Amino acid sequence: MMSNLKTQTIFFSPTNSTLKIITTISDALKFEKLHEINLTFPSKRKFKNIGAEADILIFGAPVYVGKIPSMIIPTIKNMIGKNRWIVLVAVYGNARLGHALSEMIYLFRDQGFRIVAAASFIGEHSFTSDDFKLAENRPDFDDLRLARSFGQKVREKFESTPNEIELIGQKPDISELNSEHKARNLIDIIRTHDENCNRCMGCWSICPTEAIDMITLEINEEECIRCCACVKCCNFDVREIIITMTPETKEMFMEFSNIRKEPEFFL
Ligand SMILES: Cc1cc2nc3c(=O)[nH]c(=O)nc-3n(C[C@H](O)[C@H](O)[C@H](O)COP(=O)(O)O)c2cc1C
Ligand code: SF4
Ligand code: SF4
């Protein structure tokens, strides 16, 4: 029975750290894999009951202002667990994990999933640029080694009798209200080298909130969540991250960079 299990990765990952980590975990599980579902694309978030064909789901999302990104909550609330197993992964930029992992655990439990394992991992902070560096180049070799080891531990659980993890922390207040808007006071995205743009439309197609105008390629400030995907995907360095946070806030962030945080597993 165990060898017939099918897994599926579902993730939101504008700058790919979450994608790298959950793909490594999924490889280490060594079950049959169904096609991945990338919720970074707004069209994928509209479907109801995604992941319905898998026996084990591996779900990953980054931490935005200590919470899970608000735009994926309606998609989660449209998923149907039917007592199936799920592995949950929250990825943060070496600052604060906040309530993101407990939010995921309670949300998926409410949808009828059984949480077989959960973990927090660290990925390069989205705002990392010339003037701001936090968890640069993570997940690195050691993080991915730990991701493989986590995947193997999950596999071992399925080789005996899997059980649910203990709930972590108090039930958090899960609000669908956009908390990521707070990042608007921290950075801006500008087009510094417009002359280099060849209209490949890479930034337009990767934007998780459809904030980039198809004709002008201008960013709608209200829609933009400052995920920085449009900066990092551009091969021609057209866009740039400008740090607009106060010097005190920047100092607080730089203090986070003094201590390397490590992944945590709940099995
Ligand atoms: C709007 C926004 C808010 C963020 N808030 C936090 C936070 O509260 N704590 C933290 O450690 N990292 C925070 N980050 C950094 C991301 O969690 C981190 O860079 C993560 O690796 C991004 O995942 P991705 O590469 O899969 O998109 C934030 C990033 C953005 C864009
Ligand atoms: S990804 Fe860069 S080159 Fe391509 S359309 Fe966007 S700004 Fe222009
Ligand atoms: S426009 Fe804003 S939301 Fe869209 S990819 Fe760029 S930073 Fe992310």
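The C-alpha centres of domain 1 and domain 2 lie 26 Å apart. Domain 1 covers residues 2-171 and 260-266, and domain 2 covers residues 187-244; these bounds come from an automatic or database domain assignment. This is a predicted model, in which local features need pLDDT of at least 70 and side-chain atom pairs count only at pLDDT 80 or more, while totals for chains, interfaces and linings use all residues. Residues are numbered from 1 along each chain as its sequence is written, and chains are lettered from A and ligands numbered from 1 in the order in which they are written.

**Between the domains**
- Ten residues of domain 1 are in contact with eleven residues of domain 2 (in contact: C-beta atoms, placed from the backbone, within 7 Å).
- On the domain 1 side, the touching residues are five nonpolar, four polar and one charged.
- In this classification Ala, Val, Leu, Ile, Met, Phe, Trp, Tyr, Cys and Pro are nonpolar, Asp, Glu, Lys and Arg are charged, and the others, Gly among them, are polar.

**Around the ligands**
- Ligand 2 is surrounded by 13 residues, and the closest are Cys197, Cys200, Cys203, Cys234 and Val238 (a residue is counted if its C-beta atom, placed from the backbone, lies within 6 Å).
- The shell of ligand 2 holds nine nonpolar, two polar and two charged residues.
- Ligand 3 is surrounded by 15 residues, with Cys207, Cys224, Cys227, Ala229 and Cys230 the closest.
- The shell of ligand 3 holds 13 nonpolar residues, one polar and one charged.

**Helix α1**
- Helix α1 runs over residues 17-29 (helices are DSSP runs of H or I with at least four residues, strands are runs of E with at least two, and both are numbered from the N terminus).
- From first C-alpha to last, α1 reaches 19 Å, close to the expected 18 Å (1.5 Å times one less than its number of residues).

**Ile68**
- Ile68 is found in the loop between β4 and α3.
- Ile68 counts as buried because it has 26 C-beta neighbours inside 10 Å.
- Leaving aside neighbours within four places in sequence, Ile68 is in contact with Ala61, Ile73, Ala100, Glu103 and Met104.
- Phe12 and Ile68 are 56 residues apart in sequence, and their C-alpha atoms are 9.8 Å apart in space.

Key: Two residues are in contact if their C-beta atoms, placed from the backbone, lie within 7 Å. A residue is buried if 20 or more other C-beta atoms lie within 10 Å of its own, exposed if 12 or fewer, and partly exposed in between; C-beta atoms are placed from the backbone.
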